[in-house]
Amino acid sequence: MSTNDTGNRQLRRVLGEFATGVTVVAADSPRGPVGMTVNSFTSVSLEPPLVLVCLATAASTTRAVTDAGSFAVSILRRDQRGICDTFAARRPDKFSAVGTVEAATGAPVIDDALAYIDCRVHDVLPAGDHVVVIGEVAEAAAACDGEPLTFFRGTLQ
């Protein structure tokens, strides 16, 4: 596949056929909590318990995750679209309008998320304009009832 604009649009359309869950990946930093909306999240292994997230290399959250050595993944409910939108934006006050609890590693977890996974950074691998962060699970819980927020064909559902 070519890497020109036409090829990129085609690849984006094809990848949009795969429904993904929507999460907020967050870490603590010296400036306070930071986080971003992420749909590139998956389990890797049960023994040892590992998950991975793909984070934009240039994002401040990525630096905070690697500097802190830990992060939490909050799996959003369908009715938390506003939280998704807030954490997808580039703004410094993302946590001002959302409640959080502190996970075992100190990473912030979104209140009333469907579930969360708290991790210690296990490995960081460069991958194009992103990094693949593999986290070893320190704590995980299905925190609340509800339906997951998903991303499919370019729309939140």
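These notebook entries record what I looked up in the structure.

**Basis.** I worked from a predicted model, in which local features need pLDDT of at least 70, side-chain atom pairs count only at pLDDT 80 or more, and totals for chains, interfaces and linings use all residues. Residues are numbered from 1 along each chain as its sequence is written, and side-chain values use heavy atoms, with hydrogens and water left out.

**Helix α3.** I looked up which residues of α3 (residues 81-88) are buried, and found Ile83, Cys84 and Phe87. Buried means under 20% relative accessible area with a 1.4 Å probe, protein chains only. Helices are DSSP runs of H or I with at least four residues, and strands are runs of E with at least two. Seen down the axis of α3, the buried residues fall within an arc of 105°, so they line one face of the helix; the arc is that of the directions from the axis to the C-beta atoms.

**Aromatic pair.** I found one aromatic pair in the structure. Rings of Phe, Tyr and Trp (its six-membered ring) pair if their centres lie within 6.5 Å, and planes over 60 degrees apart count as edge-to-face. Phe87 is buried at 1% relative accessibility, and Phe95 is buried at 15%.

**Nonpolar cores.** A nonpolar core is a set of buried Ala, Val, Leu, Ile, Met, Phe, Trp, Tyr and Cys residues joined through side-chain atoms within 4.5 Å. The largest has 17 residues, of which Val25, Val53, Leu55, Val65, Phe71 and Val133 touch the most other members. Apart from it lies another core of 13 residues, including Ile83 and Phe87.

Note on methods
Buried < 20%, exposed > 50% of the residue type's maximum accessible area, 1.4 Å probe, protein only. Phe/Tyr/Trp six-rings, centres within 6.5 Å; stacked < 30°, edge-to-face > 60°.
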